[in-house]
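Me: Please take one chain of this structure and go through it closely. Bring in its partner where that helps, and give the cut-offs for your terms as you go.

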Amino acid sequence: MVIKNRVKELRAKWNFTQSALAEAVGVTRQTIVALEKGDYIPSLLLAMKIARAFHLTIEEIFFMEDEK
Amino acid sequence: MNNFRYLISFTVLLVLFGWVISAYYSASEQIADFVKNPDRKYMFELNIGPFIALVCIGGILAFFIYRKKKRNNKILSKVFLLPAEFEEVDEREKMITARACRTSYVAMMYAGPIITALFIFYPFVAEKVPYYPIILFLLLPFVQYVAYFLSWRKNY
């Protein structure tokens, strides 16, 4: 089961750079890169921080591939 | 990739350390001979070249490694007590470090018995390579370090 996310799309929408988002949620830029590529599944805490940064719920950003 | 620099530094330090211990081993052998045969004019000769090389090169490497590490870490005990390769700035790096440690542990499980078995050849090479045990002992941390490095690189 693959968990996908809309981080890249939302980041573009909010005009965030990878570095800016990384700083906002307290991780390295490489972690955002890995997240966008789907190589890394974040912890619940990081997912909540990302959701808060985009003013959305976790489910609106992260979803299982067959759900969409 | 900072860890590649750490791998090179660690290897250089390991080789220099092995060289220093070999020099001390040679001196120790001479002291043992002197105890058996006190008529000899001198007790032992020690080549301090390796020691100076370790202090100078090791000092420079340690300075650069720990200066960079101090920049990333505020807690001083972490800077001095934890290996420089532990980059755990966020949760993903912590996970990669944990995976690399696991790989390193597995590598030790295999390398330990193999390296121990290589001691069987010591009687055959003792004359030509008296420092054979030192080389073998240092091979274990080297194997572990390479396993750690490869795992880190694969997962980063």
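Reply: Start with chain B. Residues 24 or more positions apart supply 68% of its contacts with a separation of 6 or more. A contact here means two C-beta atoms, placed from the backbone, within 7 Å of each other. The model is predicted: local features need pLDDT of at least 70, side-chain atom pairs count only at pLDDT 80 or more, and totals for chains, interfaces and linings use all residues. Residues are numbered from 1 along each chain as its sequence is written, while chains are lettered from A and ligands numbered from 1 in the order in which they are written.

Now the fold. Chain B has six helices and zero strands. Its pattern along the sequence is α-α-α-α-α-α. Chain B is more spread out than a compact globule, because its radius of gyration is 19 Å, well over the 15 Å that the globule rule gives for 156 residues. That radius is taken over C-alpha atoms, and the rule is 2.2 Å times the number of residues to the power 0.38. Along the principal axes, the C-alpha atoms of chain B fill a box of roughly 65 × 35 × 20 Å. Helices are DSSP runs of H or I with at least four residues, strands are runs of E with at least two, and both are numbered from the N terminus.

Burial comes next. Of the 156 residues of chain B, 10% count as buried. Buried means 20 or more other C-beta atoms within 10 Å of the residue's own, exposed means 12 or fewer, and partly exposed lies in between; the C-beta atoms are placed from the backbone.

The UniProt record, an unreviewed entry, marks residues 7-27, 47-66, 105-125 and 131-150 of chain B as "transmembrane region". Positions follow the numbering used here, feature names are shortened, and such annotations may be inferred rather than shown by experiment. Two of these spans are worth a look. Residues 7-27 of chain B are 100% helix and 0% strand, with end C-alpha atoms 30 Å apart. Residues 105-125 of chain B are 81% helix and 0% strand, and their end C-alpha atoms also lie 30 Å apart.

Next, a helix pair. Helix α4 (residues 91-117) of chain B packs on helix α6 (residues 132-155) of chain B at an angle of about 150°, with axes 8 Å apart. Axes are lines fitted to C-alpha atoms, for helices over the stretch in contact; angles run from 0 to 180 degrees between N-to-C directions. The crossing of α4(B) and α6(B) is right-handed. Right-handed means that the near helix is turned clockwise from the far one by less than a right angle, and left-handed means anticlockwise. Among the contact residues, α4(B) gives B:I96, B:R99, B:A107 and B:I115, and α6(B) gives B:L136, B:V143, B:Y148 and B:W152. By class, the contact of α4(B) with α6(B) has 13 nonpolar, six polar and one charged residues. Ala, Val, Leu, Ile, Met, Phe, Trp, Tyr, Cys and Pro count as nonpolar; Asp, Glu, Lys and Arg count as charged; the others, Gly among them, are polar.

One residue deserves a stop. B:Y25 sits in helix α1 (residues 2-36) of chain B. B:Y25 has 14 other C-beta atoms within 10 Å, so it is partly exposed. Residues up to four places away in sequence aside, B:Y25 touches B:Y131 and B:I134. B:E93 is 68 residues from B:Y25 in sequence and 41 Å away in space, C-alpha to C-alpha.

Last, the partner. Chain B puts five residues into the contact, and chain A puts in eight. The side of chain B that touches chain A has one nonpolar, no polar and four charged residues. Chain A itself has five helices and two strands, in the order β-α-α-α-α-α-β from the N terminus. Chain A has a radius of gyration of 11 Å, which agrees with the value near 11 Å for a compact globule of 68 residues. Its C-alpha atoms fill a box of roughly 30 × 20 × 20 Å along the principal axes. In chain A, 16% of the 68 residues count as buried. UniProt, again in an unreviewed entry, places "domain: HTH cro/C1-type" at residues 7-61 of chain A. That span of chain A is 69% helix and 0% strand, with end C-alpha atoms 7 Å apart.
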